[in-house]
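Student: I am new to this structure. Please take a close look at the place where the ligand sits, and then at the parts around it.

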Amino acid sequence: MQTQRLRIAIQKKGRLSKECQDLLKRCGVKFNMMGERLVVHAENMPIDLLLVRDDDIPGLIMDGVVDLGVIGENELEEVGLERAARNEACDYITLRRLDFGGCRLSIAIDKDADYNGPQDLNGKRIATTYPQLVKRYMDDIGVKFTTCMLNGSVEVAPRAGLADAICDLVSTGATLEANGLKEAEVILRSKAVLIQSTETISNEKQALIERLLIRIQGVIQAKE
Ligand code: ATP
Ligand code: ZN
């Protein structure tokens, strides 16, 4: 369903939401985030913000439901692989890597375990929310493993006897340490990215995207 207004999907609440809203505001997009609305209309530009869970953003772009989205590369790549495996649309255009949401997706093991390299992961059960990315990494290096899919509390899985290792997002490493784990391998370095759907859109919308991109460039450069 095409609308005249440019639709941008952003995370409603979480680690990407504040910086994402700040970026749009610095680009001159005026909006008011009051209440629990799913759609927020910008006051001074033909832009609608869709406030959703980050997990839904890649699919909204790949299905062409929204024009633009801001999402962590970890989530974007996981969903892309998952959809490709199911033969669903998984195309998108990366417009720009952004300067926030930085983290790494890492395999972590018992802090006291002897570790000499990825071969030591052979035959291990790995708890994760990112089974596709783990599989891609392990297949690439040719190491066999099994997964335990968890959407939360991944870091307690080894202690709970559910898995031998985990693969989860890390920024400082404090959570790993608090759970008696140590980082063994970094499998992805991720940041937030601005992506566009591959659907054909009006010239007006495309021109607005170009203007936004120039402003984003300016905002990011001003911070550097
Ligand atoms: P939602 O309710 O929208 O599903 P969520 O709990 O899945 O939220 P957040 O924890 O808000 O997601 O993280 C969103 C994104 O922020 C991650 O997918 C990742 O790209 C990025 N991020 C940056 N640093 C971290 C970190 N230390 N831990 C987790 N995610 C991080
Ligand atoms: Zn999520």
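Tutor: By class, the residues in the shell around ligand 1 are three nonpolar, seven polar and five charged. The model is a predicted one. The shell counts 15 residues, of which Gly 14, Arg 15, Gly 72, Cys 103 and Ser 171 come nearest to ligand 1. Ligand 1 lies between domain 1 (6-101 + 191-223) and domain 2 (103-189), because both give residues to its shell.

These two domains are the division of the protein chain, and their C-alpha centres lie 29 Å apart. The contact between them takes six residues from domain 1 and eight residues from domain 2. On the side of domain 1 that touches domain 2, one residue is nonpolar, two are polar and three are charged.

Next, the sheet. Five strands form an open sheet in the order β8-β7-β9-β6-β10, and their pairing is mixed. At the edges stand β8 (145-149) and β10 (181-190); each has a single partner strand, so one side of each is left without a neighbour in the sheet. From one strand to the next, the twist averages 30°. Strands β7 (residues 124-128) and β9 (residues 165-170) run parallel and are joined by three bridges. Ile 126 stands opposite Ala 165 in β9. Helix α4 (residues 131-141) packs on this sheet and touches β6 (103-110), β7, β8, β9 and β10. The direction of α4 makes about 170° with that of β8.

How values were computed. Residues numbered from 1 in each chain as written. Chains lettered and ligands numbered in written order. Predicted model: local features only at pLDDT ≥ 70, side-chain atom pairs only at ≥ 80, totals over all residues. Near = placed C-beta within 6 Å. Nonpolar A, V, L, I, M, F, W, Y, C, P; charged D, E, K, R; others polar. Domains from an automatic or database assignment. Pairing = 2+ DSSP bridges. Helix = DSSP H or I, 4+ residues; strand = E, 2+ residues; numbered from the N terminus. Axes fitted to C-alpha atoms, helices over the stretch in contact; angles between N-to-C directions. Contact = placed C-beta atoms within 7 Å.
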